[in-house]
Amino acid sequence: MADIDTSLVFNPHWIWDPAIWRILDENDKAQATAVINIQLDLIRETLTAQLNAVANLKQLLTP
Amino acid sequence: MSPEFDPGAATELVRAKQNVVLVGFQKMGNLGLGYLSAVLRRAGYCVQLIDIEADPEQIRSTIVAADPVLVGFSLIFQYYIRRYGALMANLRRHGVSCHFTMGGHYPTLNFEQTLRTVPQLDSVVCFEGEATLVELVEALHTNSEWRRIQGLAYRERNTFIANPPRPLAADLDALPFPDRDFEPIVILGRKAMPILASRGCARTCSFCSIHTFYRTAPGKVVRTRQPAEVVREMQLLYEARGINIFLFQDDDFPLFGPKWRAWAGHLVDELHASGLSRKILWKVNCRADAVEPELLSRMRDAGLYTVYMGLESGTEEGLITLHKQITVEQNLKAVRTLKEIGLRFEFGFMLLDPSSSFSSVRENIEFLREIVGDGCAPATFCKMLPYDGTPIKTSLEASGRLKGDVCAPDYDFLDARLDAFYLRLARIVDVTGWIHGPRALTMTLEWAHTEVAVIRRLFPRVPGIDAYEASLRRHTARSNEQLFKMVEAVADFCLTARGAVLNVNELRAGCEETRETVTAERNAFVTRHQHILLRALAAAA
């Protein structure tokens with residue numbers, strides 16, 4: 001059978017439904033993951049800045 | 001005045017340099033953001049639209065690079081609020097110090113809670129935002145006082161202030177056509193776009209905050225555009241972007257009562273007069289009590305191919321609880337009418353609501369059997385959730401049944417066994433991937449049915465389409481029945497603590513097998529006839 005043309009590919013489009021199942025729902029997980037990722041990013045940056053500050057301080061204190 | 005100095009031109013030049021960034025949910029195309037963007041661009045500002053689903057790093061770098069005077073956040077679903085909050089905290093940490101504002105139903109009706117939850121916000125644009133947002137941006141741009149702008153809410157020290165609400169836009173045709181900086185949805189090479197013909201809803205369903213939103217602001221609740229203007233926008237989209245399928249996103253498409261029936265009749269006349277009716281398809285959302293055979297037949301002949309109805313319940317008590325102001329018989333009659341006149345339908349349905357009992361669950365399943373047992377559409381259902389700004393949330397709160405929080409509002413059923421039923425059913429539905437999500441069986445079936453309607457209406461006769469549709473209906477009917485039996489089995493088990501224990505792995509395998517079979521049949525059918533489809537697409541290009 002011939003290949004299907006790209007313009008005719010089956011591509012079901014998910015209509016975002018706000019009234020969803022709340023448990024283990026993909027959307028809940030996506031929201032939680034997105035928030036955690038942003039927060040982790042902030043923590044990572046804060047820690048990196050602090051580590052850099054400590055390293056700089058060490059350098060300054062090193063005779 | 002010397003030709004070297006023209007203050008008007010100078011102002012325009014300065015204005016053109018100002019950037020505004022709007023962030024929001026862009027899936028399916030966000031016309032709310034599109035309208036805001038259009039009025040800001042008309043006022044001379046450069047606007048960038050960003051999808052909230054984009055990578056946070058990308059959002060941040062785009063905003064930092066744009067150095068905007070304001071970032072506007074559009075909140076459609078209230079459970080996104082913490083995500084928006086985290087994003088704004090991140091932006092502030094990276095030195096984005098411009099004005100942050102937010103708009104939408106939830107922030108409007110809960111501005112205080114919104115400003116508390118997201119301390120990085122400077123203001124909330126309440127109600128319809130076009131005029132208020134332009135004024136706010138103008139004030140920020142000219143460094144003038146913005147706190148007195150009508151329609152704004154903001155924080156002042158430890159208090160929260162809401163200025164008087166701005167009246168709703170009286171003339172929707174005075175607004176520019178919305179910007180559509182997004183790609184269309186493609187269905188078999190035909191392109192689909194959202195569009196609006198009206199704003200507002202005259203009804204008062206207890207689970208919906210739309211009527212609260214529109215009734216709290218001064219002005220006429222439901223406003224319709226001129227049919228000729230709607231068709232002019234459709235024509236432009238057809239000619240400029242090759243759009244063939246129009247998805248009307250109205251809160252409630254104007255069809256109910258003599259005045260709106262006449263309006264819909266004018267829209268049909270305009271579509272015929274423009275020549276578009278033979279080249280396009282369109283879909284509307286409406287109530288079941290607005291479905292009337294004569295008008296809907298006329299609309300079908302002008303390209304209407306799908307009607308979405310919020311049926312919501314198959315029990316009289318459920319419909320009363322949801323304040324639908326409609327009867328089960330009216331819901332059934334609307335479905336029968338659409339089937340008789342050959343229009344496909346989609347529907348919203350709440351299997352569970354605060355008045356639910358095991359008997360209502362059974363009644364609802366029987367109702368679903370009656371409307372989609374023949375496989376004309378895939379079955380779908382959900383639990384009613386008490387969102388902010390809705391009368392049902394207030395009433396659940398008053399009776400002490402409300403639980404959860406802004407991101408996961410919930411309630412207890414009157415029969416505690418129903419809570420157990422819901423937990424079990426939700427887990428099974430989630431694990432089997434039956435109803436929700438891009439790979440869900442319901443979505444696959446829904447899309448396959450949509451394609452059949454598109455092939456029938458926007459392509460030349462394709463041989464074997466009747467047999468293909470019959471097979472799709474058989475698959476749909478079988479999977480619907482499996483879903484119904486699953487719900488009944490879980491209900492029996494929770495009610496009597498007896499009955500067969502469902503094998504989730506078997507259900508998941510069955511669901512996946514049906515999805516694969518439907519997709520394989522679809523692909524075989526389309527591949528077999530793709531020369532006809534591609535020829536029609538090439539001719540239209």
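1. B:T101 is buried, with a relative accessible area of 2%. Buried means under 20% relative accessible area, exposed means over 50%, and partly exposed is in between, with a 1.4 Å probe and protein chains only. B:T101 belongs to strand β4 (residues 99-103) of chain B. Helices (H or I, at least four residues) and strands (E, at least two) are DSSP runs, numbered from the N terminus. Neighbours within four places in sequence aside, B:T101 is in contact with B:L70, B:V71, B:G72, B:F73, B:L121, B:S123, B:V124, B:V125, B:L133 and B:L136. Contact means heavy atoms within 4.5 Å.

2. A word on the basis. This is a predicted model, in which local features need pLDDT of at least 70 and side-chain atom pairs count only at pLDDT 80 or more, while totals for chains, interfaces and linings use all residues. Residues are numbered from 1 along each chain as its sequence is written, chains are lettered from A and ligands numbered from 1 in the order in which they are written, and side-chain values use heavy atoms, with hydrogens and water left out.

3. Chain B has an open sheet of seven strands with mixed pairing. The order is β8-β9-β12-β13-β14-β15-β16. Its edge strands are β8 (185-187) and β16 (382-383), each pairing on one side only. Two strands pair if DSSP finds at least two bridges between them.

4. Take β13 (residues 281-286) of chain B. Strand β12 (residues 243-248) of chain B runs parallel to β13(B), and three bridges join them. Within that pairing, B:I245 has B:L281 as its bridge partner. β13(B) also pairs with β14(B) in the parallel sense, over five bridges.

5. β14(B) is mostly covered: eight of its nine residues are buried. Helix α14 (residues 358-372) of chain B lies across β14 (304-312) and β15 (344-352) of chain B. The helix runs at about 170° to β15(B). Axes here are lines fitted to C-alpha atoms, for helices over the stretch in contact, and angles run from 0 to 180 degrees between N-to-C directions.

6. B:L338 sits in helix α13 (residues 328-340) of chain B. It counts as buried because its relative accessibility is 0%. Apart from neighbours within four places in sequence, B:L338 is in contact with B:V291, B:L296, B:V307, B:M309, B:L343 and B:F345. B:L338 and B:L296 are 42 residues apart along the chain, yet their C-alpha atoms are separated by 8.1 Å.

7. Two backbone angles deserve a look. Most residues other than glycine have a negative phi. B:E312 has a positive phi of about 70° although it is not a glycine. B:E312 is in strand β14 of chain B and counts as buried because its relative accessibility is 8%. B:R157 is not a glycine either, and its phi is positive, near 55°. B:R157 lies in the loop between β6 (152-156) and β7 (159-162) of chain B. At 75% relative accessibility, B:R157 counts as exposed.

8. Which residues make the nonpolar surface patch of about 350 Å²? They are A:I36, A:L40, A:I43 and A:L47. Patches are made of residues with over 30% relative accessible area and no salt bridge; like charges are joined within 9 Å, nonpolar side chains (Val, Leu, Ile, Met, Phe, Trp, Tyr) within 5 Å. A salt bridge is a side-chain nitrogen of Lys or Arg within 4 Å of a carboxyl oxygen of Asp or Glu. Accessible areas come from the Shrake-Rupley method with a 1.4 Å probe; for residues, only the protein chains shown count as cover. A:I36 is in helix α1 (residues 26-61) of chain A. At 45% relative accessibility, A:I36 counts as partly exposed.
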